[in-house]
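Hi,

Here is the model I promised to pass on.

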Amino acid sequence: MATIIIPTPLRKYTDQNRRFETRKNTLSEAIDQFVEEYPEVKQNLLDEDGNVRSYIKLYIGDEEVDPAENGSLELSEDTEVSIIPAIAGGMGWTTPRRNVAKNISSLRLSDSA
């Protein structure tokens, strides 16, 4: 059976399941089965036209899936499909927290002088 790896943000809609196993032959069929099994996932995974949302990436193994090929990609028994949602927010990669704290401390010191 092929396996869909469910990311943490979607697990609240899948009874906290981490994996979904399917015997479907194509990625498109597997996704359809997945959202049939867990209907609340659909609004977060698919757009109004039934396509995977633009901010969600699908991978088979280490290879990103082109959304245009979604319906034609065949799955084998050992295929692992990963759903990777975009993650927003945070401080970014350019300024580590320790530097921010250090900069704030130095501002306080210089303000009091």
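One term before the rest: helices (H or I, at least four residues) and strands (E, at least two) are DSSP runs, numbered from the N terminus. With that in hand, threonine 3 sits in strand β1. Threonine 3 is also buried, at 6% relative accessible area; buried means under 20%, exposed over 50%, and partly exposed in between (1.4 Å probe, protein chains only).

Two notes on the source. This is a predicted model, in which local features need pLDDT of at least 70 and side-chain atom pairs count only at pLDDT 80 or more, while totals for chains, interfaces and linings use all residues. Residues are numbered from 1 along each chain as its sequence is written, and side-chain values use heavy atoms, with hydrogens and water left out.

On confidence: pLDDT is the predictor's own confidence in each residue, from 0 to 100. The protein averages 82, and 76% of the residues score at least 70. Over residues 91-98 the pLDDT is below 50, and this stretch has three contacts in the model beyond near neighbours in sequence (contact means heavy atoms within 4.5 Å). Residues 102-113 stay under 50 as well, with zero contacts beyond four places in sequence. Where pLDDT is low, the predicted coordinates should not be read in detail.

Now the fold. There are four helices and five strands, and from the N terminus on they run β-α-β-α-α-β-β-β-α. Of the 113 residues, 27% count as buried.

Strands β3 (residues 56-60) and β5 (residues 80-85) run antiparallel and are joined by five bridges. Isoleucine 56, for instance, has proline 85 in β5 as its bridge partner.

Back to threonine 3 for a moment: leaving out residues up to four places away in sequence, it touches Arg19, Phe20, Glu21, Thr79, Glu80 and Val81. For contrast, look at glutamate 63 in strand β4, which counts as exposed because its relative accessibility is 58%. Glutamate 63 and serine 82 are 19 residues apart in sequence, and their C-alpha atoms are 9.8 Å apart.

Last, the aromatics. Rings of Phe, Tyr and Trp (its six-membered ring) pair if their centres lie within 6.5 Å; planes under 30 degrees apart count as stacked, over 60 as edge-to-face and the rest as tilted. The structure holds three such pairs. Phenylalanine 20 and tyrosine 38 are edge-to-face, because their planes stand at 75°, with the ring centres 6.1 Å apart. Phenylalanine 20 is in strand β2 and tyrosine 38 in the loop between α2 and α3 (39-45), so this pair ties together parts 18 residues apart in sequence. Phenylalanine 34 and tyrosine 38 have centres 5.9 Å apart and planes at 70°, so that pair is edge-to-face too. Phe20, Phe34 and Tyr38 form one aromatic cluster. Phenylalanine 20 and tyrosine 38 are buried, and phenylalanine 34 is buried as well.

Cheers

Note on methods:
Two strands pair if DSSP finds at least two bridges between them.
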